[in-house]
Amino acid sequence: MDKSKKPANDIRIGFRSRVGSVISYCEKLLKENNLRTLNFSAVGGSIGTLVNVVEVLKMTTPGLYQTNRIATISYQSVEEGGNVQNQKLYPKLEIVLSLDKPTTTGEGFQNVLSEEERKKLLELRDKRRAEREKEGGFRRAGRGPTRGGRPTRGGRGRP
């Protein structure tokens, strides 16, 4: 299948995916494009990012049902002769968020958040944001007192 023909609601979370960017894209799909289902997938270290994205979306968008599927992916490196040289297994998480209740609600199904739970989570998020702003805003990565791994005199300028 050609990658350019991939449906807009199939979202792959990668190592460099940023939570805020993915959330903005998903909200656009749900609101502007009127899509009712979002299909997410992540492998290995990207699973944490996927979980963050899904939890924020469930909190900010009422009425989302969640279905989870856990799998394993096998990556093999093959020699020129066709022999398998190395095989590694990686965890894979697939999550479907839908505004429509799924027909099957078995293992991996999570019901919508109640309005009370959603409001509590939003209040907690807003409270945490206000505390961070009061403390001086978000921390930004800086160069710090070193330059190229070497300590500097007085923490600034050349060594």
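Me: Starting with terms: a nonpolar core is a set of buried Ala, Val, Leu, Ile, Met, Phe, Trp, Tyr and Cys residues joined through side-chain atoms within 4.5 Å, and buried means under 20% relative accessible area, with exposed over 50% and partly exposed in between (1.4 Å probe, protein chains only). Which residues have the most contacts inside the largest one here?

Reply: Ile-11, Leu-38, Phe-40, Leu-50, Leu-57 and Leu-97, in a core of 19 residues. Keep in mind that this is a predicted model, where local features need pLDDT of at least 70 and side-chain atom pairs count only at pLDDT 80 or more, while totals for chains, interfaces and linings use all residues. Numbering runs from 1 along each chain as its sequence is written, and side-chain values use heavy atoms, with hydrogens and water left out.

Me: Which helices and strands supply at least two residues of that core?

Reply: Strands S1 (10–13), S2 (37–43) and S4 (84–98), plus helices H1 (19–31) and H2 (47–60). Those are DSSP runs numbered from the N terminus: H or I of at least four residues for helices, E of at least two for strands.

Me: And what is Leu-38 in contact with?

Reply: Beyond its neighbours within four places in sequence, Leu-38 meets Asn-9, Ile-11, Cys-26, Leu-29, Leu-30, Leu-57, Ile-95, Val-96 and Leu-97. Contact means heavy atoms within 4.5 Å.

Me: Asn-9 stands out in that list. Is Asn-9 buried or exposed?

Reply: Buried, because its relative accessible area is 16%. Asn-9 sits in the segment before S1, and a polar atom of its side chain lies 3.0 Å from the backbone oxygen of Thr-37. That makes a polar contact, a pair of N or O atoms within 3.5 Å; within protein, one must be able to donate a hydrogen and the other to accept it, and residues adjacent in sequence count only if both atoms are side-chain atoms. Leaving out residues up to four places away, Asn-9 also touches Leu-29, Leu-35, Leu-38 and Asn-39, among others.

Me: OK, pockets. Which residues lie nearest the centre of the largest pocket?

Reply: Phe-40, Ser-41, Ala-42, Lys-92 and Glu-94, out of 19 lining residues. On a 1 Å grid over the protein atoms alone, a pocket is an open set of points where a 1.4 Å probe fits, with protein on both sides within 12 Å along at least five of seven lines; lining residues have an atom within 4 Å of a point. S1, S2, strand S3 (65–78) and S4 each give that lining at least two residues.

Me: How many of the lining residues are charged?

Reply: Five, alongside nine nonpolar and five polar. Here Asp, Glu, Lys and Arg are charged, Ala, Val, Leu, Ile, Met, Phe, Trp, Tyr, Cys and Pro nonpolar, and the others, Gly among them, polar.

Me: Which residues line the second largest pocket?

Reply: Val-56, Leu-121, Leu-124, Arg-125, Arg-128, Arg-129 and Arg-132. Helix H3 (residues 115–134) gives the most, six residues.

Me: Last one: what's up with phi of Asn-34?

Reply: Phi is near 55°, positive in a residue other than glycine. Asn-34 lies in the loop between H1 and S2, and at 58% relative accessibility Asn-34 counts as exposed.
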